[in-house]
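User: Please take a close look at one part of this model, the contact between the chains, and describe it in one connected account.

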Amino acid sequence: MSVFYEKFDRHSHGEGLKGHSTHYCPGCGHGIVHRELAESIEALGIQDRTVLVSPVGCSVFAYYYFDVGNTQAPHGRAPVVGLGHKLANPESIVISYQGDGDLASIGLAETIATAQMGLPITVIFINNAIYGMTGGQLAPTSLMGQKTATSPDGRNQNMGSPIRMAELIAQLDGPVYVERVALFDPKQRIKARKAIEKALRIQKEGRGYAFVEVLAECPTHLKKSPEDTEKWVKECMTPIFPLGVLKDKSAETEPWWDRKAPSFAPEKVLGLMGVDTEPAERHAKGFPDHFKCVDISFKLAGSGGDGAQTAALLLARTAIDEGFDATHIPSYGPESRGGTSYADVHLAKDEVLNPAAPDPHVLLAFNAPSLTKFAPQVREGGVIIYDSTIITDPGVLPAGRTVYGVPFTGIATQLQRPMVKNIVALGALQAATHLFPAESFMATLRTVLKDKAALLPLNEAAFAAGQNAVGSPVS
Amino acid sequence: MAIPASQRPKPFLEPEYCKGCLRCIDACPKECITEGDAINAATGLVPVNLNLDNCNGCQLCVQACPEPYGLRPQAGPVATDAHGDFDLEDPKNLFGAKETGAPVAKAQPSEEIPLPLGQPMVLKGTYASALGALLAGCRHVFGYPITPSTEGAELMAKVLPKLDGAFVQAVSEVAAINMMYGCSGAGLPCMTFTSSPGFSLMLEGISYMIGAELPGVIVNVMRGGPGLGNIAPEQADLKLMTRGLGHGNTHAIVLAPATPQEMLDLSRKAFELSFKYRNPVIIAADGYLGQMTGVVKLPATMTKPGLPEWAVWGDREHRGNLICSIFLSEPDLEAHNVKLLAKYDAMKAEAMFDTYRTGDADVLLVACNTPARMAKGAVEDLRAQGIKAGLFRPITIWPFPIEGLKPLLPQVKRLVMVEASPGQLEDELRLALSHAGLACPPITPVQRYGGILPQQTEIVAAVLKGGAR
Ligand code: SF4
Ligand code: SF4
Ligand code: SF4
């Protein structure tokens, strides 16, 4: 049987008899399922493609035995570890081999989510109604009345009743094949062997996810002889966990799993990221000296729909395209959907040191709360521009700042597009500050709208209207 | 076509490999197998007896046997005595000496592909990090939405399908990190974007990745905590990233970018380091940096990843490999820990830092991430007021770049620790000083919590006010 290692070197370094015997207790169902799995892998000729994910539980050491690619997963996470393997190499055949504690308790979320995704992997679920490795505690599949180390008086209603995983998995849309089998007599073992091979064939053919639940024997913790355990599985487990096919859509599901190798073509990556290969146009003569500093800061503030963030980005981008450094930090109020929204922008001749703008040179306010909050922070000699359509009474503003009221909203409404009020505002900002020539901003608009050229005339008009509306300062 | 009974192989059994479970007895329709009566000296178990006179070779007993080298069909003649008993032969003759039939895998090297000259981009931090990952050859991203990191994942979800890569929105952060465990176990570069509460959930998986020596990049855009906290920037996961990466003896290189450009550069670098050391690498960003837009220049090349020799790829060449963090015997696990410790030690060579106006500085500000930028602004303000201030910015938080700090110390009268955490960076610095046998200068802490970053004016005021502990 070539799918088993010829020597179990990983079992206590293969010393003595351990080199050829399992770590399982006498009569344990795991060994039988291992044999069936090994035979199925061999029958399908997939040994070289197989990645077996060992779980946590008694079968944690499944990798001692199978001469396939092996990985050992954290408790309950085997199916998602398997998914990682499958997506890395779509050609691989991935088997997630798990016990009841692993699959139906700690890993329930991973189990269900992976099944529902339905990508072609094979899950072999060993249900022996008890925790093996930790020493015989209550499993999610323990039967009512079953005495375990953590249900010494028997499982009762306070612990809930056993979970039927095959039924649960079968009612999801993802899986194409779900069957529950057992090992308690020769007939069941033959059926189990067939089910395992079928589940693997479905994966090999790229038809989807398959799940085989195996009712298995844990003589040690049931404190019964292997023979009596077989009987217990047959007589006590099968009424709760009925055997048979719970779902089989394998025949009508066409092979669909077909993934190409990832692309590493540089043009493709850069194209998707929107990298420009043409140098940006430059229109400014240099860094705006009239602010008498090498780092100019801005606050653009409004409510969610005002477009303050977009205007801020356009401002930063204009500076960067002119060859300077710039940053933009968006900030949303706690009620981030539709609440307050403000942006800190810096433009620097060489490098923006601190991107925060607690005392901006320029404030662009789209609503009254923003004006009230931020106007006092504008530094002396700075500029305040506000939407005079919305803010009819600006109240008392700090002295020593140049203040402009521009009807952003009014102009945008005249243009039939209230959403361009931020572009109107940007035009106003240009005219009020002479930061860069208007053409610099126009170039930015052309760049960002290069895939939406139809919107360009409207935006240009909005910008120009904002510029023209800047009259003499209010104060 | 059915093989006649006379030609079907009969079973044989090495008694040493029989555990005496008796499952084969019921399986045999011909009653060829009976309960044994003698304890086997080698195993202390009682193997069954076989009398194959009536055996028809149906193999039902073989199918019932849980032991791979228990009951097996005879391949060719097997020397037996009249009762079908065997002597234990040397397993080398019986089974072959080797563990796997797979060949020894060779590493397939990665390739650097030249990039066409692109113009500087205007990108937010999370996007820059995503681009850095793409240029590092990452085509597999696993994530769970959490503010303020999600935009990185959103960008990947848009771009990766077009590059025939994969973005999977996992059922939880726990699942996401374990998808990374799988994908990385297959030898490919992969990553996730998360934020503090999600990062907490990933710690189990990170410990397993470190134990199993798996690469992978985790971008933690830190937000306010503890608990659900808020979505504003904080730096209070530094302790978790430097000292608390899940259970056991764990460490990972922690990179702390301060600009969108560094989000790209360090994300790219993270993959290189991660594969170099077969260990996860953490990008510690803060909420501001994740959202901050700035200028980002592109590197000259893009990496096309190879396939490491240790990968469990799912092909013949890599069949002999195992990804695993279990070492059952104590000496084995100790040896594994010693190996990991040597690796952590080697990682110290990767320590990175940046300095700003430290030449003659006697007041040294120390900060990382966005607070380092507020501190940089403060250095200018302080200099304008005649104070010889400078900034030391660790880029690796673990390992702490103590060698970079050391030469500055003789002239430094005071350290000013600027951070959005209650001294977690300061603790790293103190530990590093102490391990290096260096005296710690007086420290003035400038700390904010709960999603508020220390502002330039506060830093300046704290320095002017003086006072240290
Ligand atoms: S404890 Fe139970 S499940 Fe575990 S190896 Fe022993 S018999 Fe098998
Ligand atoms: S091969 Fe069939 S008849 Fe022969 S010993 Fe095994 S079960 Fe019995
Ligand atoms: S089933 Fe296998 S291990 Fe159990 S008694 Fe029979 S030969 Fe021995």
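Analyst: A salt bridge here is a side-chain nitrogen of Lys or Arg within 4 Å of a carboxyl oxygen of Asp or Glu, and across the interface of chain B and chain A the rule finds seven of them. This is a predicted model, in which local features need pLDDT of at least 70, side-chain atom pairs count only at pLDDT 80 or more, and totals for chains, interfaces and linings use all residues, while side-chain values use heavy atoms, without hydrogens or water. Residues are numbered from 1 along each chain as its sequence is written, with chains lettered from A and ligands numbered from 1 in the order of writing.

One salt bridge joins the side chains of Arg23(B) and Glu230(A), at 2.7 Å from N to O. On the side of chain B that touches chain A, helix α6 (residues 173-185) of chain B gives the largest share, eight residues (helices being DSSP runs of H or I, at least four residues, and strands runs of E, at least two, numbered from the N terminus). That side of chain B divides into 57 nonpolar, 25 polar and 19 charged residues, where Ala, Val, Leu, Ile, Met, Phe, Trp, Tyr, Cys and Pro count as nonpolar, Asp, Glu, Lys and Arg as charged, and the others, Gly among them, as polar.

In total, 101 residues of chain B and 97 residues of chain A take part in the contact (heavy atoms within 4.5 Å). Between them the chains bury about 8600 Å², 62% of it on carbon and sulfur atoms, buried area being the accessible area (1.4 Å probe) lost on being put together, summed over both parts. Strands also pair across the chains (at least two DSSP bridges): β2 (residues 69-72) of chain A runs parallel to β15 (residues 322-323) of chain B, joined by two bridges, and the partner of Asn70(A) in β15(B) is Leu322(B).

Technical notes: Buried area is the accessible area (1.4 Å probe) that two parts lose on being put together, summed over both.
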